[in-house]
Amino acid sequence: MGAKYAAEQGLDVLYDRIDTALDALDEIDVDPLFYFAAGKSLLATLRRAPFAVIDTDLYLRSPIEGLDRSGFVFAHWESTGNAVYPPVAEVPNQSGADLSRWVFDTPAANMAISVYLDDEHRAAYATASMEFMTGNAAPSAVDPLVRQTFAEQRLAPAVARALGIEVVMIRRPVLPKVPSAPSIPELIAMIDHSLRPVAERGV
């Protein structure tokens, strides 16, 4: 459907080709209402490292550093211990995926961009994510986002940590310091000065 729409809108000319391999999700018991980004996990089962996955609303303003080594590179950390990233024990796991193999000792990894540089990590994460999502969609009291964020942003770093693979947050660029805005009294003084007659200002 997506490839057909892109062709109808003339968007297909922007790409060398449009791969429809992710249509295979239709044959897997993964609920798209919970796992709206499941295609990213399925993709990881189909490709070998190194490769990157970038969300369509993310724009890179400079090259990413650290791609000359192995590891897992991601956008930035997300705080855990909240409604979207609860403790592991509170995450619905109705499919009975074995989570004891992984080391959950980091925050969640925001994967607006994710770069897989180690193929062992890529394969293990992809398998773990698909196992967790498959058949895991029964009703639960937790936030609906919990399952998707766990399948991606919690599992990817946890698998890397268990395998002894480095997890690397993209370094934020240092932006030039923006001059602070004048205070209200300073603004009033500036306006008052500009409105005074030229002779009164001694000019």
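Reply: Just after helix α3, Gly 135 takes a positive phi of about 70°. Helices here are DSSP runs of H or I with at least four residues, strands are E runs of at least two, and both are numbered from the N terminus. The model is predicted, so local features need pLDDT of at least 70 and side-chain atom pairs count only at pLDDT 80 or more, while totals for chains, interfaces and linings use all residues. Residues are numbered from 1 along each chain as its sequence is written, and side-chain values use heavy atoms, with hydrogens and water left out.

Me: What happens at the start of α3?

Reply: There, a side-chain oxygen of Asp 118 reaches to within 2.9 Å of the backbone nitrogen of Glu 120.

Me: And how many residues of α3 are buried?

Reply: Eleven of its 15 residues are buried, so α3 is largely enclosed by the rest of the structure. Buried means under 20% relative accessible area, exposed means over 50%, and partly exposed is in between, with a 1.4 Å probe and protein chains only. The buried residues include Asp 119, His 121, Arg 122, Tyr 125 and Phe 132.

Me: What do they pack against?

Reply: The buried residues of α3 pack against α2 (38–46), β1 (51–54), β2 (72–78), β3 (108–116) and α4, where contact means heavy atoms within 4.5 Å.

Me: Switching to aromatics, how many pairs does the structure hold?

Reply: It holds nine aromatic pairs. Rings of Phe, Tyr and Trp (its six-membered ring) pair if their centres lie within 6.5 Å, and planes under 30 degrees apart count as stacked, over 60 as edge-to-face and the rest as tilted. One of the pairs is Phe 72 with Phe 74, stacked at 5.9 Å centre to centre with 25° between the planes, and both residues are buried. Another is Phe 132 with Phe 150, tilted at 4.9 Å centre to centre with 45° between the planes. That pair links distant parts of the chain, since Phe 132 is in helix α3 (residues 119–133) and Phe 150 is in helix α4, 18 residues apart.

Me: Which residues form the aromatic cluster?

Reply: Phe 51, Phe 72, Phe 74, Trp 77, Tyr 116 and Tyr 125 form one cluster.

Me: Now over to α4. What does the side chain of Gln 153 make a polar contact with?

Reply: Gln 153, found in helix α4 (residues 145–163), makes a polar contact through its side chain with the side chain of Tyr 85, at 2.5 Å. A polar contact is a pair of N or O atoms within 3.5 Å; within protein, one must be able to donate a hydrogen and the other to accept it, and residues adjacent in sequence count only if both atoms are side-chain atoms. At 11% relative accessibility, Gln 153 counts as buried. Leaving aside neighbours within four places in sequence, its contacts include Glu 78, Ala 108 and Met 111.

Me: Last one, what does the chain's secondary structure come to?

Reply: It comes to five helices and four strands, running α-α-β-β-β-α-α-β-α from the N terminus on. Of the 203 residues of the chain, 35% count as buried.
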